[in-house]
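Thank you for coming; I would like to walk you through one structure today, taking a few places in turn. Please have a look at it first.

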Amino acid sequence: MREPEPLTGMRVVAAPMAIDAAVLPAGSTMLRIAPDDAIVTGASSLTVDDRFAIIEPEFTFVQWRLTTAEFADVVHHIEWELPQREALGQGLIAGVPAKIMISDDHVVLIVSAGLAHELSARLW
């Protein structure tokens, strides 16, 4: 299997309402990790209406963009309910904490860079 690619963007920790109201740059995607925590991919800057917000570049995750056929080989390692299209799903995949986002023609598999080798070894 190919090596993962870096998942870059901005990490936002802020009041949930401020994250909800964030205006995202064109072409960016928000990965909502928790009510007060998100990663915005495809963005190099971001502003939210929360004076206590923490907004920093995110470099700790990697990703694989899988075809639906490739995901078919991974899905049997997931024991939790798959998310709706374009929603972030999180849980153990082959025993490793990971995230997925399903779209119509591909699935993005996301994992902490420090666990990428372990997940890769367990899946492929």
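This is a predicted model: local features need pLDDT of at least 70, side-chain atom pairs count only at pLDDT 80 or more; totals for chains, interfaces and linings use all residues.

Pro 4 is partly exposed, with a relative accessible area of 22%, where buried means under 20% relative accessible area, exposed over 50%, and partly exposed in between, computed with a 1.4 Å probe on protein chains only. Residues are numbered from 1 along each chain as its sequence is written, and side-chain values use heavy atoms, with hydrogens and water left out.

Pro 4 lies in the segment before strand E1 (5–13); helices (H or I, at least four residues) and strands (E, at least two) are DSSP runs, numbered from the N terminus. Leaving aside neighbours within four places in sequence, Pro 4 is in contact, meaning heavy atoms within 4.5 Å, with Val 62, Gln 63, Trp 64 and Ala 116. The C-alpha atoms of Pro 4 and Ala 113 are separated by 8.8 Å, although these residues are 109 residues apart along the chain. Glu 3, also placed in the segment before E1, is exposed, with a relative accessible area of 66%, and its C-alpha atom is separated by 9.0 Å from that of His 117, 114 residues apart along the chain.

That brings us to helix H3. Which residues of helix H3 (residues 116–123) are buried? They are Ala 116, Leu 119 and Leu 123, and because they cover an arc of only 70° around the axis, they sit on the same side of H3, the arc being that of the directions from the helix axis to the C-beta atoms. As a general point, an α-helix has 3.6 residues a turn, so residues three or four places apart point the same way. The face of H3 turned away from the buried side carries the exposed residues His 117 and Ala 121, whereas the cover over the buried residues of H3 includes strands E4 (54–67), E5 (88–93), E6 (96–102) and E7 (106–112).

Let me turn to two loop residues. Glu 86, in the loop between helix H2 (68–72) and E5, has a phi near 65°, a positive value in a residue other than glycine, and Ala 94, in the loop between E5 and E6, has a phi near 55°, which is also positive in a residue other than glycine. Most residues other than glycine have a negative phi. Are these two residues buried or exposed? Glu 86 counts as exposed at 51% relative accessibility, whereas Ala 94 counts as buried at 16%.

Another loop, between helix H1 (16–20) and strand E2 (29–34), holds Ser 28, which is buried, with a relative accessible area of 15%. Leaving aside neighbours within four places in sequence, Ser 28 is in contact with Val 40, Thr 41, Gly 42 and Ala 43.
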